[in-house]
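This report covers strand pairing, ligand surroundings and backbone details. The sequence and structure come first.

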Amino acid sequence: MAVPSGDQKPESYYVGVDVGTGSVRAALVDQRGTLVAFAEQPINQWEPQFNHHEQSSEDIWAACCVVTKKVVQGIDLNQIRGLGFDATCSLVVLDKQFRPLPVNHEGNSHQNIIMWLDHRAVSQVHRINETKHSILQYVGGVMSVEMQAPKLLWLKENLRETCWDKAGHFFDLPDFLSWKATGVTARSLCSLVCKWTYLAEEGWDDSFWKMVGLEDLIADNYSKIGNQVLPPGASLGNGLTPEAAKDLGLPAGIAVAASLIDAHAGGLGVIGADVRGYGLACEEQPVTSRLAVICGTSSCHMGISKDPIFVPGIWGPYFSAMVPGFWLNEGGQSVTGKLIDHMVQGHAAFPELQAKATARCQSVYAYLNSHLDLIKKAQPVGFLTVDLHVWPDFHGNRSPLADLTLKGMVTGLKLSQDLDDLAILYLATIQAIAFGTRLIIEAMEAAGHSISTLFLCGGLSKNPLFVKMHADITGMPVVLSQEVESVLVGAAILGACASGDFSSVQLSSMNISNNCWSSIMLWPLPAEYWGWKREAMARMSKVGKVVFPRHEDKRYYDKKYQVFLKLVEHQKEYAAIMKGD
Ligand SMILES: Nc1ncnc2c1ncn2[C@@H]1O[C@H](COP(=O)(O)OP(=O)(O)O)[C@@H](O)[C@H]1O
Ligand SMILES: O=C(CO)[C@H](O)[C@H](O)COP(=O)(O)O
């Protein structure tokens, strides 16, 4: 297939569907990686009990259909060549006839998804970690309550009759979507490796499932959790089924890709960008010097390496789970966007903020950012929090402390409840999240990563204050993509890979620095597959803006970082005091 150049009209389109925590987004993307149409639809979440978070696979599929139909309106459907999905790594439960099963005591089968941020399986994950099974070294040494094994064990122990015994299929949400589109139950290597303890080279480990009390899943060659595993971007079966085509408003038979988890799609969408001409150190360095940070409800810190790197408290190393042929370490913060929303919406001055932002036709965040600019006077905005410090683990620490018992902390509160007070608390929260990123980077570097540049995407990357604080606090430049919906571009890249359109693109037309990908020759997977993905990544991820750190503020942030580290130290001391006699 010839790749159009200059003003020539693109001939092919790809649809990417991104299922985040709060909404489903779809994009129509052309061969140059340009997003031509975008649509978004919120999705329901239920919290039947504290720390139980549920969704509905039927609701989510219906939302996928709404947004997909919207983005292809007015397009000649024959030009659409591929479809890719990404989604949060939530657990979908279906019976043997693929009907939803309840994941709750109420028996409500509409709610058949245990969401990724659900922390109901605390006792189960403790017991799993107590086994000290060797597989745990591939999830940072400690399994997270947010992974699938503890959730499966919870279902077995708590909903035996209504759910466990009737279950025929346990899917990661990205794999549920590709099944729904194609009827193919194959799982993506990405979801199985990152959330289900599958090893890319060795497969399932029977001894793990036996040791944790889930030996029933081994039956029938793991048919309930996946016995056919494909690399993300691989084409599934005969493509889109007639039924799904009707639902989505797309032509039957178009290529559908094996999916990715949302954070991984974001990473794929940004990490391969051509950075030439921006004065960035990573231009002369291998791609392993880049850290993709996908910031939505949560933040995920995706660093890749040629050889496995074991980082205590950081998920992975996962082989080929994001960039084919590379190992992935995935740091994370369980709530970031959700924490900012929680702090802002819970403040006494929130109604006033909302009214003022609405009057100016601004988002509350844009309003708060301009309000901070007003009150900072001559000093840098970050200095407004000299006596206000936040520890951000309101939903436990995912990385690098891997401690789900940690709680949030705020020190420096006053009696004031006005808008200034809200704005400064909002700033301190954003700074705390950026300090959390610094802690993750330090842990990765201590274990052998060498990171020089951050590539941010996700909803929070639309917030200039969030981006600036990440640059200033980590001391690293932050690259933002030209396309703000980079996660969706990642999903569309999958569709492009599945279509095969990129297989005959001339190498000379690639716009990526050779240096960045110099290690790619070592990839052990089929050359064709790597070729598609590398080309697609280079074409579809373009730099939009680079935010450099203000090095003159370093001393201030180093001091605040010292306080940040003291906060968690003190929290642990408080817990020890309260545990003592
Ligand atoms: N325009 C914006 N300005 C500032 N923050 C934003 C903006 N849009 C989204 N956000 C933040 O991003 C978060 C959601 O990001 P998003 O990537 O949409 O989440 P998810 O993929 O988890 O559904 C929200 O919690 C909000 O704090
Ligand atoms: O653990 C994950 C990725 O590995 C979750 O899917 C992710 O953290 C949730 O994504 P988002 O915050 O963008 O909704």
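## Sheet

Two bridges connect strand E6 (residues 91-95) and strand E7 (residues 113-114), and the two run antiparallel. Strands count as paired if DSSP finds at least two bridges between them; helices (H or I, at least four residues) and strands (E, at least two) are DSSP runs numbered from the N terminus. Val 92 has Ile 113 of E7 as its bridge partner.

The open sheet that holds this pair has four strands in the order E4-E7-E6-E8, with antiparallel pairing. Strand E4 (54-55) and strand E8 (167-172) are at the edges with a single partner strand each, so one side of each has no neighbour in the sheet. Strands of a sheet pair through backbone hydrogen bonds, either parallel or antiparallel.

## Basis of the values

The model is predicted: local features need pLDDT of at least 70 and side-chain atom pairs count only at pLDDT 80 or more, while totals for chains, interfaces and linings use all residues. Residues are numbered from 1 along each chain as its sequence is written, chains are lettered from A and ligands numbered from 1 in the order in which they are written, and side-chain values use heavy atoms, with hydrogens and water left out.

## Ligand 1

Ligand 1 is surrounded by 16 residues (a heavy atom within 4 Å). Gly 22, Arg 25, Thr 297, Asp 341 and Gly 459 are the closest. By class, this shell has two nonpolar, 10 polar and four charged residues; Ala, Val, Leu, Ile, Met, Phe, Trp, Tyr, Cys and Pro count as nonpolar, Asp, Glu, Lys and Arg as charged, and the others, Gly among them, as polar. Strand E2 (23-30) and helix H10 (337-345) each supply at least two residues of the shell, and H10 gives the most, with three residues.

Polar contacts here are pairs of N or O atoms within 3.5 Å. A polar side-chain atom of Arg 25 is 2.8 Å from an oxygen atom of ligand 1. Backbone atoms also take part: a polar one of Gly 459 lies 2.9 Å from an oxygen atom of the ligand, and an N or O atom of Gly 337 lies 3.3 Å from one. Taken alone, ligand 1 exposes 570 Å², of which the protein buries 76% (Shrake-Rupley method, 1.4 Å probe).

## Ligand 2

There are 15 residues around ligand 2, and Thr 21, Lys 195, Asp 262, Ser 298 and Glu 330 come nearest. Six are nonpolar, five polar and four charged. Helix H9 (residues 262-271) contributes the largest share of the shell, three residues.

Glu 330 has a polar side-chain atom 2.5 Å from an oxygen atom of ligand 2. A polar backbone atom of Cys 89 is 3.2 Å from an oxygen atom of the ligand, and a side-chain N or O atom of Arg 398 is 3.3 Å from one. On its own ligand 2 has 370 Å² of accessible area, and the protein covers 95% of this.

## Backbone details

The peptide bond between Gly 316 and Pro 317 is cis, with omega about 5°; Pro 317 lies in strand E15 (residues 315-319). Another cis bond leads from Ser 399 to Pro 400, with omega near -5°. Pro 400 is in the loop between strand E17 (389-391) and strand E18 (409-411).

Asp 220, in helix H7 (residues 219-222), has phi near 55°, a positive value in a residue other than glycine.

Key:
A polar contact is a pair of N or O atoms within 3.5 Å; within protein, one must be able to donate a hydrogen and the other to accept it, and residues adjacent in sequence count only if both atoms are side-chain atoms.
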